[in-house]
Number of protein chains: 4
Amino acid sequence: MSQNKIRAAILGASGYTGAELVRLLAGHGGFRIVALTADRKVGQTMGTVFPHLAGLDLPAMVGVDQVDYADVDAVFCGLPHGTTQEIIAGLPPHLKVVDLSADFRLADTATYAQWYGHEHKAPALQREAVYGLTELARDAVRKARLVANPGCYPTSAQLPLVPLLRAGLIDANDIIIDAKSGVSGAGRAAKEANLYTEVAGGIHAYGIASHRHAPEIEQGLSAAAGRPVVVNFTPHLMPMSRGILSTIYVRLAAGAAVADLRGELSRRYAGEAFVRVLPEGVVPATRHVTGSNHCLIGVFADRVPGRGIICSVIDNLVKGASGQAVQNMNLMFGLAETAGLEQQPLFP
Amino acid sequence: MSQNKIRAAILGASGYTGAELVRLLAGHGGFRIVALTADRKVGQTMGTVFPHLAGLDLPAMVGVDQVDYADVDAVFCGLPHGTTQEIIAGLPPHLKVVDLSADFRLADTATYAQWYGHEHKAPALQREAVYGLTELARDAVRKARLVANPGCYPTSAQLPLVPLLRAGLIDANDIIIDAKSGVSGAGRAAKEANLYTEVAGGIHAYGIASHRHAPEIEQGLSAAAGRPVVVNFTPHLMPMSRGILSTIYVRLAAGAAVADLRGELSRRYAGEAFVRVLPEGVVPATRHVTGSNHCLIGVFADRVPGRGIICSVIDNLVKGASGQAVQNMNLMFGLAETAGLEQQPLFP
Amino acid sequence: MSQNKIRAAILGASGYTGAELVRLLAGHGGFRIVALTADRKVGQTMGTVFPHLAGLDLPAMVGVDQVDYADVDAVFCGLPHGTTQEIIAGLPPHLKVVDLSADFRLADTATYAQWYGHEHKAPALQREAVYGLTELARDAVRKARLVANPGCYPTSAQLPLVPLLRAGLIDANDIIIDAKSGVSGAGRAAKEANLYTEVAGGIHAYGIASHRHAPEIEQGLSAAAGRPVVVNFTPHLMPMSRGILSTIYVRLAAGAAVADLRGELSRRYAGEAFVRVLPEGVVPATRHVTGSNHCLIGVFADRVPGRGIICSVIDNLVKGASGQAVQNMNLMFGLAETAGLEQQPLFP
Amino acid sequence: MSQNKIRAAILGASGYTGAELVRLLAGHGGFRIVALTADRKVGQTMGTVFPHLAGLDLPAMVGVDQVDYADVDAVFCGLPHGTTQEIIAGLPPHLKVVDLSADFRLADTATYAQWYGHEHKAPALQREAVYGLTELARDAVRKARLVANPGCYPTSAQLPLVPLLRAGLIDANDIIIDAKSGVSGAGRAAKEANLYTEVAGGIHAYGIASHRHAPEIEQGLSAAAGRPVVVNFTPHLMPMSRGILSTIYVRLAAGAAVADLRGELSRRYAGEAFVRVLPEGVVPATRHVTGSNHCLIGVFADRVPGRGIICSVIDNLVKGASGQAVQNMNLMFGLAETAGLEQQPLFP
């Protein structure tokens with residue numbers, strides 16, 4: 001039976017998103033992992049690099065150019081941005097690819113060059129890439145050969161904001177996104193700033209007015225609003241391993257009430273398996289989505305007249321990365337969208 | 001199809017083990033939850049008490065005496081010890097029961113009375129109860145109507161020690177178990193000692209020479225050794241939500257080497273889905289089993305001649321409670337032992 | 001020599017702010033603790049209730065009505081709001097009092113009644129009370145007999161905002177305060193919501209648009225702006241024991257630049273021992289003030305034209321409570337303002 | 001007045017022990033910091049490297065060979081082991097030195113070579129060095145020119161064990177030290193294993209039977225016992241920034257009772273400012289010593305006849321490193337032993 005499974009390769013499997021893909025695919029009946037690649041950790045087994053996965057039967061990690069792509073159907077690409085464009089451009093055309101890096105997220109290659117510091121290396125491929133915020137691009141994802149998997153912050157921010165902007169319920173000129181992220185978003189690279197002792201017991205903002213997820217968010221919001229949108233986006237690093245909370249401050253459009261916002265989002269996401277709009281008064285917490293592909297959204301009135309507050313939570317490694325990647329790949333291969341993603345959150 | 005599922009009731013569903021049972025059964029094809037009970041939280045929904053489970057379709061929580069047990073096949077009982085004996089004694093005899101409390105774990109009711117401060121209230125039922133450390137009592141569990149699900153610490157300690165004592169490889173008179181537990185083992189009751197501010201950033205021993213899991217461990221080790229065993233068991237509370245590490249210090253039997261211990265355990269658990277004996281030099285960590293039903297065991301030489309060190313890790317809420325309960329119930333109903341328990345650990 | 005020390009009583013010493021007062025006064029040459037009171041823990045020693053202080057020579061805890069106030073000069077009052085007003089009203093008039101509760105913070109007793117659910121019980125005393133945000137009320141504090149010690153959130157928010165509103169550099173109609181707090185702000189009472197397992201590894205907003213510190217902040221900002229100010233104030237609970245970060249989003253007044261804001265705050269706090277305005281580009285973190293009476297303020301340009309971002313951090317138990325109380329009491333007795341508060345932050 | 005202060009240099013100031021020395025000396029009336037050295041961070045200010053200390057007036061960090069040692073009286077040396085021996089050997093002889101590395105802790109240079117992998121580079125200096133476990137070597141420290149500051153684990157283990165071995169109250173052949181450490185003990189170097197995401201929410205043993213603090217502990221215990229002692233020493237890494245708990249399992253000498261052990265330790269440390277033996281039944285916790293130079297010791301009966309349990313806690317960065325270094329330097333210069341070390345622990 002496993003002969004009929006879709007054969008998946010994970011490029012860049014030695015990072016947290018790679019391990020998370022393995023975790024999710026291990027519980028997925030439709031895929032079989034046939035190749036894992038790494039850079040510095042080539043030759044090691046997944047179980048050595050990630051002992052929590054040592055019980056699985058997995059191929060050893062090889063170099064990205066050592067994979068026989070003729071025996072692969074699906075590629076999850078978790079390589080660093082910058083190198084990704086050329087590698088994906090060099091893959092055989094029969095492959096379906098979900099790219100978890102930032103390399104194909106910005107449709108405007110000039111914007112890419114401005115924020116990432118070098119020219120885009122595969123502009124033709126960029127035109128083909130579908131931005132895979134699944135709930136908002138399902139049909140395009142189904143037909144896509146290359147999906148740019150959204151960033152973690154952009155996922156948490158756009159899921160509530162895009163429908164509200166499309167519906168004209170909020171002022172596109174006054175959007176403030178105060179986001180709080182767990183440390184896994186910074187990856188597994190050894191950096192002083194991410195040591196336990198540097199992160200535990202405290203919080204601080206970072207990348208103020210300069211984080212690369214800002215243009216990605218603005219791309220989505222601009223399309224929804226029908227004109228250029230500039231947002232305040234202020235991420236914070238806090239002592240949790242997983243999770244993002246975006247607390248979003250908005251100004252209501254003339255005539256709109258907070259209940260209208262909640263109503264619009266409830267309608268928009270009514271049939272969705274992973275996005276849930278909470279009843280009035282219920283506050284989402286990151287710990288309610290840990291390990292799951294869920295996004296919870298709460299909408300609240302502000303004391304300042306004419307303003308509202310939206311809280312949106314996801315697990316940055318699941319809906320913010322590997323889970324949404326599996327969700328997209330499911331669609332690309334005509335599988336059930338929820339396959340491999342049914343796990344409930346882990347709490348406490 | 002769900003009509004053919006085994007109908008499960010969870011008594012005491014408002015605690016962490018109750019929520020964990022719901023999480024596991026939600027991903028289990030063989031059971032359908034038909035009743036949830038609570039005490040103080042009667043009338044609330046599971047999603048109110050545990051928002052991470054709010055997306056599931058579950059019955060509201062009722063009192064333990066409001067359940068129509070005629071429509072139930074399987075009972076998971078997570079009530080406080082003391083009250084459990086009478087409640088289980090009063091259940092209809094057609095039910096299969098896994099009790100997660102301590103009420104049926106000690107075969108000797110005098111020992112129970114000594115450690116729990118009151119006479120055993122169902123001694124006849126006690127004689128029928130099977131102590132469900134699954135890997136060591138599989139056949140008895142299969143035939144059982146009432147399984148006493150082992151304590152978390154006893155699970156982590158007995159899995160390595162019982163086979164070694166049975167094989168005569170270690171000295172039964174010189175066993176020291178230094179255990180470190182996450183805070184969920186203390187339950188969800190509001191206690192000053194378990195506040196975030198009281199637990200974060202520190203560690204301390206508790207229940208020194210007086211913890212109720214000591215007689216439970218000694219019961220199993222005595223049976224394995226064929227004579228009374230008294231152990232040092234010193235639990236510690238530390239800032240993690242889930243997990244137990246038991247670092248166990250043993251004296252080797254005359255002629256035995258550390259490699260013999262590792263070899264014996266490897267043979268003993270060779271075919272097991274959930275217990276894994278690690279290769280020489282690999283150290284288990286609690287974070288490698290989080291959310292899973294796994295137990296990892298490492299065996300190490302001591303610098304002191306003739307001594308060895310065993311590290312055993314589990315997730316206290318899964319293999320140490322709800323996961324092992326599902327594992328036992330699977331056996332009692334003739335299902336695959338791993339059903340509902342295939343989830344990989346969540347890391348980081 | 002200790003005979004010449006000011007004799008201090010701490011009412012409500014069994015909570016975190018009480019313990020923190022003891023810690024600070026233990027290193028303060030000018031005060032001698034002559035009385036400690038508690039409610040449920042009457043009769044216990046400080047060392048039993050707070051083992052980290054067991055090495056100090058302290059009076060046992062008595063009831064609040066068992067203190068001989070004739071032998072007391074200074075009272076730190078850390079009782080719950082509601083009961084505080086009558087107790088302070090009943091104290092002998094020779095005493096100087098710093099009240100750490102909310103009971104005398106709101107000058108308008110109608111506002112108090114609205115937010116705290118009962119009529120103010122000592123309106124005459126309210127008129128006498130000085131709101132002790134030390135750096136902004138130093139002269140009044142010096143002459144005060146009763147100081148209302150500010151709340152933790154209001155301290156972190158008002159220190160940057162009041163000077164900017166006074167200088168007319170920001171728009172009083174568009175102030176958003178997204179605050180993140182450690183758990184000690186919730187006190188030591190045993191509550192399910194503050195258990196380690198409920199708080200660790202996650203974050204959520206609480207008290208959205210309804211937190212009692214909102215009117216306190218607005219009182220100060222309105223005075224500074226010269227007209228009524230309503231703010232968005234959204235606190236979040238996160239897994240750290242101490243610390244508050246207020247990330248404040250402001251709209252610049254016409255003609256004002258971000259550098260003007262930083263310049264104004266730098267000038268305003270140039271001579272201050274505890275408030276430090278950071279150079280451009282330096283981001284404050286809560287962990288940089290842990291255990292100290294410091295407040296660090298950073299000012300940043302937003303990508304949205306005409307907007308700015310201010311980050312303000314304090315230790316909620318020190319500058320946000322007990323440290324500022326000592327600072328105020330120092331002034332009230334003519335001592336050096338920094339006495340007992342010279343400790344550097346503890347990191348990591 | 002600051003002209004009369006002892007002029008101190010801190011070599012290797014860019015690590016956690018360096019920052020901790022600065023913190024303690026900032027509150028110490030007797031020392032003035034005249035030089036700070038770093039390696040990779042040469043040229044930076046202390047406030048840049050450690051923002052929590054940015055408010056202090058400190059010299060910039062220079063290379064270790066750029067210090068004018070003629071203007072220095074006291075050297076705190078926090079350099080990596082291996083390089084330290086030659087650097088200290090090259091310092092002018094008028095300097096008093098406390099070395100926080102492991103380079104002069106082992107009196108037997110052959111043992112040093114065996115455990116540290118290279119020949120000792122200053123054997124003559126080694127003979128002069130005093131092992132500065134202050135309470136057990138006070139007189140020698142007073143006269144010393146070079147003090148080898150003990151390791152963190154050895155401090156926590158030897159303080160209780162040395163007096164008991166000297167008094168013949170425990171069996172030197174049966175000592176098991178199960179130690180739990182915070183992450184700051186691993187230093188500030190960027191390592192994958194010490195990332196927040198790798199440490200949070202879990203625990204594991206490391207350096208089993210191979211940690212370099214074992215021979216240091218055995219050196220002290222052997223001297224106390226009057227014959228060679230080999231111990232089991234098993235350290236664990238857990239999610240806290242500071243603190244060590246050593247849970248020590250001992251066999252009582254013939255005729256000795258647990259009360260004798262507690263009594264002996266109580267007598268031995270009766271007059272000590274920093275070591276406190278707790279009353280029967282009181283369990284020490286690491287969080288009760290955070291930030292202080294305290295060591296708390298509890299002694300408990302085991303359920304296994306003839307055995308006892310000792311819990312010993314310190315802050316690894318204070319009594320386990322920088323605090324004990326200041327304590328030693330105080331003695332070397334004839335200052336009050338407690339100068340600069342009077343701060344109470346920080347809790348929560």
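Biologist: How many residue pairs are in polar contact between chain C and chain A?

Modeller: In this predicted model, 24 residue pairs are in polar contact between chain C and chain A, both residues at pLDDT 80 or more.

Biologist: Which parts of chain C supply the side that touches chain A?

Modeller: Several strands and helices of chain C each give at least two residues to that side. Among them are β8 (170-181), α8 (196-199), α9 (213-225) and β11 (244-252).

Biologist: And how do the residues on that side divide into nonpolar, polar and charged?

Modeller: The side of chain C that touches chain A has 26 nonpolar, nine polar and 11 charged residues.

Biologist: What about salt bridges, how many across the interface of chain C and chain A?

Modeller: Seven are found across the interface of chain C and chain A. For an example to look at, the side chains of C:D178 and A:K180 form a salt bridge at 3.0 Å, N to O.

Biologist: What area is buried between chain C and chain A?

Modeller: About 3,800 Å² is buried between the two chains, and carbon and sulfur atoms give 59% of that.

Biologist: Which three residues of chain C supply more of its buried area than any other three?

Modeller: They are C:I203, C:R287 and C:R303, which supply 20% of the area that chain C buries against chain A.

Biologist: How many residues does the contact take from each chain?

Modeller: The contact takes 46 residues from chain C and 46 residues from chain A. The copies meet through the same surface, because 100% of the interface residues of chain C are also interface residues in chain A.

Biologist: Now chains D and B. What rotation superposes chain D on chain B?

Modeller: Chain D superposes on chain B by a rotation of 180° with 0.0 Å of shift along its axis, at an RMSD of 0.0 Å. That is the relation of a two-fold axis. Of the residues of chain D, D:P239 comes closest to the rotation axis, with its C-alpha at 3.3 Å.

Biologist: Changing topic, where is B:K191?

Modeller: B:K191 sits in the loop between β8 (170-181) and α8 (196-199) of chain B.

Biologist: What is B:K191 in contact with, leaving aside neighbours within four places in sequence?

Modeller: B:K191 is in contact with C:A190 and C:L195.

Methods
Residues are numbered from 1 along each chain as its sequence is written. Chains are lettered from A and ligands numbered from 1 in the order in which they are written. This is a predicted model: local features need pLDDT of at least 70, side-chain atom pairs count only at pLDDT 80 or more; totals for chains, interfaces and linings use all residues. Side-chain values use heavy atoms; hydrogens and water are left out. Helices (H or I, at least four residues) and strands (E, at least two) are DSSP runs, numbered from the N terminus. Contact means heavy atoms within 4.5 Å. Copies are superposed by least squares on the C-alpha atoms of residues with pLDDT of at least 70 in both. Buried area is the accessible area (1.4 Å probe) that two parts lose on being put together, summed over both. A salt bridge is a side-chain nitrogen of Lys or Arg within 4 Å of a carboxyl oxygen of Asp or Glu. A polar contact is a pair of N or O atoms within 3.5 Å; within protein, one must be able to donate a hydrogen and the other to accept it, and residues adjacent in sequence count only if both atoms are side-chain atoms. Ala, Val, Leu, Ile, Met, Phe, Trp, Tyr, Cys and Pro count as nonpolar, Asp, Glu, Lys and Arg as charged, and the others, Gly among them, as polar.
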